[in-house]
Structures are given as structure tokens and as C-alpha cells.
Amino acid sequence: MQDLCSDINNIVMTYHVSERIRKRGIISKDIINAITNGEIIESYPDDYPYPSALVIGCSMDNKIIHVVAGVGNGMLWIITSYFPSEEKWENDFKIRKAVK
């Protein structure tokens with residue numbers, strides 16, 4: 001996944017994803033930084049059409065960010081990105097809180 005970030009031409013983001021992240025105050029550089037320097041905290045090997053993963057990393061201004069991306073056909077497909085909330089994640093933002 002990190003290897004594909006080295007070339008911006010390998011990254012695919014739909015208009016819908018672009019609009020969602022823009023509304024959340026996330027820019028493409030935030031996503032690239034998170035994937036390049038972050039770590040995979042959940043893997044989804046059975047996702048369709050490509051296996052994907054949840055990555056935790058930092059935005060350009062050092063905020064914790066989550067990125068869900070898939071890898072397939074030589075491309076990195078950005079599925080979504082968001083700033084995780086303390087309501088849904090433990091303090092380290094790596095473990096989901098149990099649903100009550």
C-alpha cells in the first residue's frame with residue numbers, strides 16, 4: 001500500500017470520496033502522509049472488488065486520521081478517510097470500542 005503512494009498517478013479517488021473528505025477538512029496530502037507513515041490497524045482481505053485495510057496515521061497538521069484504502073490492479077483505491085472520534089475508538093484510536 002505504501003509503495004503505491006510514491007506515485008500520485010497510482011492513487012484513485014472517486015468524486016464522491018473527494019467531496020466527503022473535503023467536507024471533513026481532509027486534503028490529499030493528509031491521506032498520502034497517513035498511508036506513507038502510518039500503520040494498518042485492520043485488514044479486510046475479503047472486500048470487493050479489492051482487499052482493503054484501515055490505516056491510522058497523521059494528517060499534515062499532526063491530527064490522527066484514519067484512511068480506508070484498497071489495493072488492486074496496480075492502483076491504490078481510497079475508499080474513505082476521517083478523523084476518528086473518541087466515542088467510537090479507544091484512546092489510541094487503534095481499537096474500536098465495544099458496542100453496548
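S1 and S5 run parallel and are joined by 2 bridges, with Val-12 standing opposite Trp-77 in S5. They belong to an open sheet of 5 strands, ordered S1-S5-S4-S3-S2, with mixed pairing. Strands count as paired if DSSP finds at least two bridges between them; the strands (E, at least two residues) and helices (H or I, at least four) are themselves DSSP runs, numbered from the N terminus.

Keep in mind that this is a predicted model: local features need pLDDT of at least 70 and side-chain atom pairs count only at pLDDT 80 or more, while totals for chains, interfaces and linings use all residues. Residues are numbered from 1 along each chain as its sequence is written, and side-chain values use heavy atoms, with hydrogens and water left out.

**Confidence**
- The protein averages a pLDDT (the predictor's confidence in each residue, from 0 to 100) of 92, and 93% of the residues score at least 70.
- Confidence is lowest in strand S1 (residues 11–12), at a mean of 92, and highest in strand S3 (residues 52–58), at 97.

- S2 (residues 39–44) pairs with S3 in the antiparallel sense over 5 bridges, and Ser-52 in S3 is the bridge partner of Tyr-44.
- S3 is also joined to S4 (residues 64–72), again antiparallel, by 7 bridges; here Ala-53 stands opposite Ala-69 in S4.
- S3 is mostly covered, with 6 of its 7 residues buried (buried means under 20% relative accessible area, exposed over 50%, partly exposed in between, with a 1.4 Å probe and protein chains only).

**Cores**
- The largest nonpolar core has 12 residues, including Ile-11, Val-17, Ile-35, Ile-65 and Ile-78. A nonpolar core is a set of buried Ala, Val, Leu, Ile, Met, Phe, Trp, Tyr and Cys residues joined through side-chain atoms within 4.5 Å.
- Helix H1 (15–23), helix H2 (28–37), S4 and strand S5 (75–82) are the elements that give two or more residues to this core.
- Another core lies apart from it, with 7 residues, among them Leu-54, Ile-56, Tyr-82 and Trp-89.
- Leaving aside neighbours within four places in sequence, Ile-65 is in contact (heavy atoms within 4.5 Å) with residues including Ile-26, Ala-34, Val-55 and Phe-83.

**Rings**
- There is 1 aromatic pair, going by Phe, Tyr and Trp rings (six-membered ring for Trp) with centres within 6.5 Å; planes under 30 degrees apart count as stacked, over 60 as edge-to-face and the rest as tilted.
- That pair is Tyr-50 with Trp-77, stacked at 5.7 Å centre to centre with 20 degrees between the planes.
- Tyr-50 lies in the loop between S2 and S3 and Trp-77 in strand S5, so the pair ties together parts 27 residues apart in sequence.
- Tyr-50 is partly exposed at 27% relative accessible area, and Trp-77 is partly exposed at 29%.

- The peptide bond from Tyr-48 to Pro-49 is cis, with omega near 10 degrees; Pro-49 is in the loop between S2 and S3.
- Asn-62 isn't a glycine, yet has a positive phi of about 70 degrees. This residue lies in the loop between S3 and S4 and counts as exposed at 64% relative accessibility.
- Phe-93, in the segment after S5, also has a positive phi, near 60 degrees, but Phe-93 is buried, at 13% relative accessible area.
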